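The sequence and the structure are shown first.

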Amino acid sequence: MKSSARAVVIGGGVVGASVLYHLAKIGWTDVLLLEKSELTSGSTWHAAGGMHTFNGEANISRLQKYTIDLYREIEALSGQSCGLHPNGGLMLAANQGELDSLRLICSRARYLGMETEMVSLEQALEYNPLIDPQHFIGALWRADGGHCDPSGTTQAYVKAARKLGASVERFTRVLALTPRPDGTWEVRTDKGTVHAEHVVNCAGLWAREVGHLVGIELPVLAMEHHYLITEDLPELAGRSKEIVNTTDYSGEIYMRQERRGALIGTYEPHGIVWSPLKTPDDFAMQLLPEDTERLAPYFEVGFSHFPALGRAGIRKAVNGPFTFAPDGNPLVGPVRGLKNYWVACAVMAGFSQGGGIGLVLSRWMAEGDPGQDILSMDVARFGAFATPKYTSIKVPENYARRFRLAYPNEELPAARPVRRSPIYDRLLAAGAVMGANFGLEHALWFAPPGVARTETPTYRRSEAFPVVRAECQAVRASVGLYETTNYGKYEVSGRGARGWLDRVFACRIPRPGRLTLAPMLNAAGRIVGDLSIACLGTERFLIVGSGFAEEFHMRWFEASEPPADVHVRSAASTLAGVSIAGPRARELVQRLVRLDLSAGAFKFFQVAQTAVGYAPCILTRAGFTGELGYEIWTTPDYFLSLYDDLWEAGGGLGLVHFGGRALSSLRLEKGYGSFNKDFRPDYTPGETGLDRFIDFDKPSFTGRAAALTERASGPKRRFVVMEVADADADVVGYESIMKDGAAVGYVTSGAFGHCIGKSLAAGYVPAALARDGARFEIDILGNLRTATVRLQPLYDPQGLRLRS
């Protein structure tokens with residue numbers, strides 16, 4: 001075994017093999033894979049081998065298509081067959097909600113370039129004659145997909161990697177990982193020590209234990225998973241091609257052809273966690289005891305929906321463990337605080353996602369950037385809230401819902417509430433319907449007295465629609481209070497803080513007492529943050545951004561190497577806040593402060609440290625609604641007093657609560673984009689419009705060269721807000737934007753503009769077409785709706801209310 005390597009990949013399943021191959025392909029030939037047993041011996045060997053491009057996140061769908069297309073490449077390079085059965089995919093809908101979901105998938109597929117269409121049940125029977133159509137009302141077919149041989153595919157990756165210079169050591173157990181002062185690693189095994197520049201945890205079932213070797217607790221847990229293989233089916237005799245892989249939403253069943261029989265699996269409720277505390281060291285090429293009696297009711301549903309399966313005998317039952325993260329997506333990327341330690345684990349759909357994960361991780365390691373937006377797979381989407389208890393509750397919830405719809409207005413209940421602000425009970429008493437963001441409870445909308453706090457999960461307008469309308473109109477008419485504790489907050493201080501921020505952010509750093517909007521770019525000139533910076537003193541700053549990105553941004557700040565005398569810390573748990581917005585906001589806040597808040601005295605984007613009632617606060621004249629507004633920050637011990645003072649001072653002014661749903665509507669009426677929804681690492685300053693906040697005269701900041709190049713050539717696409725005509729449902733996200741029958745762009749977010757009476761969609765279209773009044777069509781749940789670009793905000797286009 002070699003004594004040094006540029007990278008050591010731990011784990012010889014399909015994901016580790018893909019990472020090894022992609023690192024070698026990108027030019028890192030001095031890479032070594034360590035596997036404690038035989039290749040594929042954890043979860044890979046007993047996987048059903050399904051491959052598909054279905055995913056609620058468009059960027060993951062792209063990576064899944066890359067994975068499927070990659071298999072022909074590695075077959076050719078390695079000479080090893082992947083055992084491909086590229087027979088496509090079929091999804092069945094049994095009710096209106098499921099049919100809406102399939103229509104949304106079909107709309108997204110147009111822009112993604114994936115051959116997909118809604119088909120009748122008669123057509124579905126041609127693809128799979130085992131379906132009993134009486135249980136369904138519609139279907140969707142996609143050309144991409146099928147199944148492969150798990151062992152052959154993994155071996156193809158490994159053989160291809162070896163041809164490119166990579167090495168593999170089987171039956172080699174990693175015993176310890178020790179960081180060196182220079183950021184490299186000592187990888188101690190039972191066969192000797194390897195000095196590695198990078199370590200990649202692809203350990204699958206043992207990812208948790210390999211995390212423990214470096215002192216971290218990855219949010220990953222294994223679940224038992226069953227599938228059955230039937231005897232030969234007479235119904236398949238004589239067919240010239242295999243039936244199409246089929247997913248049954250309502251039955252929570254997947255099935256495909258296996259030789260002349262069928263394979264059928266289920267993600268049952270009340271699934272069984274496997275090895276909740278420690279994965280056995282000696283578990284290799286093993287299955288778990290069958291539990292068909294417990295699963296019989298769920299398989300019976302499948303036998304009802306596919307009657308031929310119920311008539312066939314069972315040839316084999318397979319029960320094996322697979323790992324999941326709390327939300328079901330993989331954990332990929334660098335781990336904050338551990339230089340050159342990477343993870344690629346919790347990849348349940350390894351044969352759909354493994355190739356794409358290897359691609360983005362190899363780019364990230366070799367080039368410092370994954371090359372595309374993978375926020376929904378980034379390990380940094382989980383913070384300290386994702387404790388073992390949280391993971392142990394959320395993973396079974398996600399497992400049970402793997403084939404259930406995730407409606408855009410649905411909030412899942414498990415492991416909640418975890419994080420609560422001091423006014424949580426006050427908001428509940430006011431009727432708050434809560435969601436969770438980075439584990440923190442926050443209000444979505446407020447049910448008036450006599451209105452139920454329940455909401456039917458739907459892709460269409462729900463019972464909350466008129467309630468949200470009333471909240472929006474009240475903010476525009478008088479004044480509203482929105483809790484902002486769920487925002488990300490960071491404090492930067494110390495001699496040299498201004499200079500460091502000047503390098504990290506593309507904007508001009510504000511002078512004391514002022515706030516500015518602050519885009520943050522990566523070296524490729526793409527958006528990794530849309531934040532604000534308030535200067536509280538010569539070398540003291542408060543940065544505010546998206547709450548979900550707290551860990552992501554802290555990792556970015558730390559990787560940007562602040563000098564020793566510059567201190568960067570998260571204020572997520574040490575600052576709580578509210579936004580006060582509306583034409584009577586000044587009147588309300590003035591009752592509690594001694595500062596002169598008149599328009600000439602406390603101007604737009606001004607900042608002050610002052611008492612607000614009982615509470616010492618940071619007060620900024622800013623907001624996200626397009627109205628006169630203030631954001632007020634204080635420490636948690638004063639927050640309840642601040643809230644009570646504000647509520648008492650709002651008496652007679654028409655003060656109302658408003659939640660996140662209303663905020664989404666209000667911001668789109670003003671044409672404001674939102675990080676994660678509209679602004680992500682796929683987009684550039686020119687595309688998003690954030691280039692207007694960049695100080696191009698600064699001699700140096702991250703991403704400057706790329707931003708200057710784009711400035712000279714112009715962006716290829718632009719972010720626009722469109723009004724949608726005749727819409728009885730609003731966009732969700734990633735619907736295709738059509739022009740002359742072709743998909744030319746896609747939606748990023750949307751809402752109904754309650755104060756202008758129009759359905760709104762935000763998204764990206766080619767720059768040459770981004771003209772005011774330009775007309776497009778958006779496929780909304782199977783209906784093409786006319787969408788007209790509005791380059792000026794539809795509400796208060798001159799910004800007079802904002803600056804009043």
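Pro417 is found in the loop between H10 and helix H11 (424-429); helices (H or I, at least four residues) and strands (E, at least two) are DSSP runs, numbered from the N terminus. The peptide bond that leads from Arg416 to Pro417 is cis, with omega near -10°. The model is a predicted one, in which local features need pLDDT of at least 70 and side-chain atom pairs count only at pLDDT 80 or more, while totals for chains, interfaces and linings use all residues. Residues are numbered from 1 along each chain as its sequence is written, and side-chain values use heavy atoms, with hydrogens and water left out.

Most residues other than glycine have a negative phi, and most peptide bonds are trans. Thr40, although not a glycine, has a positive phi of about 75°. Thr40 belongs to the loop between strand E2 (31-34) and strand E3 (50-51) and is buried, with a relative accessible area of 4%. Buried means under 20% relative accessible area, exposed over 50%, and partly exposed in between (1.4 Å probe, protein chains only). Tyr734 is likewise not a glycine and has a positive phi of about 70°. Tyr734 lies in the loop between strand E33 (717-724) and strand E34 (736-739), and at 12% relative accessibility Tyr734 counts as buried.

H1 has 12 residues and reaches 16 Å from its first C-alpha to its last, close to the 16 Å expected at 1.5 Å a residue. The expected span of a helix is 1.5 Å times one less than its number of residues. Because 11 of its 12 residues are buried, H1 is largely enclosed by the rest of the structure. Among the buried residues are Val14, Val19, Tyr21 and His22. After H1 comes Gly27, whose phi is positive, near 120°.

The largest nonpolar core has 61 residues, and those with the most contacts inside it are Val19 and Leu361. The largest share of this core, eight residues, comes from helix H1 (residues 14-25). A nonpolar core is a set of buried Ala, Val, Leu, Ile, Met, Phe, Trp, Tyr and Cys residues joined through side-chain atoms within 4.5 Å. Leaving aside neighbours within four places in sequence, Leu361 is in contact (heavy atoms within 4.5 Å) with Val19, Val200, Val332, Gly333, Trp342, Val343 and Ala344. A second, separate core of 50 residues includes Cys507, Ile509, Phe541 and Leu690.

Helix H7 (residues 292-305) has 14 residues and reaches 18 Å from its first C-alpha to its last, close to the 20 Å expected at 1.5 Å a residue. H7 has a kink of about 40°, centred on Tyr298; the bend at a residue is the angle between axes fitted to the seven residues ending there and the seven starting there. Leu295, Phe299, Gly302, Phe303 and His305 of H7 are buried. Their cover includes strand E12 (221-230), strand E13 (245-248) and helix H8 (307-311).

Helix H12 (residues 465-477) has 13 residues and reaches 18 Å from its first C-alpha to its last, close to the 18 Å expected at 1.5 Å a residue. Its buried residues include Phe465, Glu471, Cys472 and Arg476. Among the elements that cover the buried residues of H12 are strand E21 (440-446), helix H17 (660-669) and strand E35 (742-753).

## Aromatic rings

A search of the whole structure finds 34 aromatic pairs. Rings of Phe, Tyr and Trp (its six-membered ring) pair if their centres lie within 6.5 Å; planes under 30 degrees apart count as stacked, over 60 as edge-to-face and the rest as tilted. The rings of Phe324 and Tyr399 have centres 5.6 Å apart and planes at 85°, so this pair is edge-to-face. Phe324 lies in strand E17 (residues 314-324) and Tyr399 in helix H10 (residues 388-400), so the pair ties together parts that are 75 residues apart in sequence. Phe324 is buried, with a relative accessible area of 1%, and Tyr399 is buried at 0% relative accessibility.

Ring pairs also link Tyr111, Phe679, Tyr683, Phe719, Tyr734, Tyr746 and Tyr764 into a cluster.
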